[in-house]
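Okay, thanks for coming, everyone. Let me put the chain up on the screen and then we'll walk through it together.

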Amino acid sequence: MKKVSVVLAILAFAVTVIAGQGPEVIDLSKSFNVPKTTKKAVKFPHWFHQTKNECTECHLSADGGKDLKSAKTGKKLTAGVVKGTANKVHKEFCWPCHKAKKVPKGKSCNKCHK
Ligand code: HEC
Ligand code: HEC
Ligand code: HEC
């Protein structure tokens, strides 16, 4: 019985830590305020990315939060109105890293819009 409660306590701790790192999956059409998408809204696998990258590759601060880092300026990403394929979310956030890290099909539309 004792071992079981220790294991449960560790599990509870682990879940709390993960919860502190932001959502597991994020609907980015909400984050970037695209009420009517022409492509399928992007359900971003946040937790998956946390296991493959440093927080500060995407966030300005190591505890995450709303402010994302532009791959172009190294400063706060200001995406503006997200419309068309030449939008800043593609060009200054998702695509440069996928290209740099040679993510398989990293720029294929269906990889993200599905
Ligand atoms: C590949 C990029 C990427 C990585 C790596 C990443 N995040 Fe995020 N994170 C995002 C995006 C995109 C959002 C959505 C931002 C929004 O909704 O405005 C987000 C949202 C969050 C949020 C929720 C913000 C809010 O207030 O809604 C937290 C907390 C967070 N991240 C923490 C972390 C931590 C801690 C790490 C490292 C362990 C991390 N993130 C790694 C891209 C990333
Ligand atoms: C800082 C680097 C970085 C950024 C920024 C980034 N990604 Fe990724 N992404 C990766 C890496 C690394 C992989 C995984 C490569 C592998 O191991 O398969 C990946 C994989 C993915 C996958 C495939 C997940 C799977 O289950 O195989 C999706 C979908 C994805 N990214 C969406 C996005 C979207 C949407 C954005 C922008 C909001 C984004 N990524 C921004 C680094 C990044
Ligand atoms: C690495 C991830 C990723 C890839 C690959 C990607 N996109 Fe996106 N795209 C996003 C994100 C994130 C947004 C903003 C959130 C949203 O619209 O859900 C977005 C927004 C858009 C928008 C504006 C919103 C809308 O739906 O009208 C268009 C248009 C778009 N993408 C087209 C494309 C096309 C065409 C391709 C293939 C050439 C593509 N995207 C590939 C992540 C990606």
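Predicted model: local features only at pLDDT ≥ 70, side-chain atom pairs only at ≥ 80, totals over all residues.

Residues are numbered from 1 along each chain as its sequence is written, and chains are lettered from A and ligands numbered from 1 in the order in which they are written.

So, the layout. The chain has six helices and two strands; those are DSSP runs numbered from the N terminus, with helices being H or I of at least four residues and strands being E of at least two. Going from the N terminus, the order is α-β-α-β-α-α-α-α. There are 114 residues, and 7% of them are buried. Buried here is 20 or more other C-beta atoms within 10 Å of the residue's own, exposed is 12 or fewer, partly exposed is in between, and the C-beta atoms are placed from the backbone.

Now the ligands. Around ligand 1 there are 18 residues, and the closest are Gly22, Ser31, Cys55, Cys58 and Gly64. To be counted, a residue needs its C-beta atom, placed from the backbone, within 6 Å of the molecule. Two elements give two or more residues to that shell, α3 (46-52) and α4 (55-58). By class, we get five nonpolar, 10 polar and three charged residues. For the classes, Ala, Val, Leu, Ile, Met, Phe, Trp, Tyr, Cys and Pro are nonpolar, Asp, Glu, Lys and Arg are charged, and the others, Gly among them, are polar.

On to ligand 2. It has 18 residues around it, with Lys52, Glu57, Cys94, Cys97 and Cys112 coming nearest. Here β2, α3, α4, α5 and α6 each give two or more residues, and α5 has the largest share, four residues. The classes are 11 nonpolar, three polar and four charged.

Ligand 3 is surrounded by 24 residues, the closest being Ser29, Thr37, Thr38, Cys109 and Cys112. The elements giving two or more are α2, α5 and α6, and again four residues from α5 make the largest share. This shell divides into 10 nonpolar, 10 polar and four charged residues.

Next, the core. The largest nonpolar core has eight residues: Leu28, Phe32, Val34, Val42, Leu77, Phe93, Cys94 and Cys112. By nonpolar core I mean buried Ala, Val, Leu, Ile, Met, Phe, Trp, Tyr and Cys residues joined through C-beta atoms within 7 Å. Leaving out residues up to four places away in sequence, Phe32 touches Ala79, Val82 and Val89; touching is C-beta atoms, placed from the backbone, within 7 Å.

Most residues other than glycine have a negative phi. Asn33 is not a glycine, yet its phi is positive, about 55°. Asn33 is in the loop between α2 (28-31) and β2 (43-45), and is exposed, with 10 other C-beta atoms within 10 Å. Lys102 also has a positive phi, near 50°. Lys102 lies in the loop between α5 (88-100) and α6 (109-112), and is exposed too, with 7 other C-beta atoms within 10 Å.

Conventions:
Contact = placed C-beta atoms within 7 Å.
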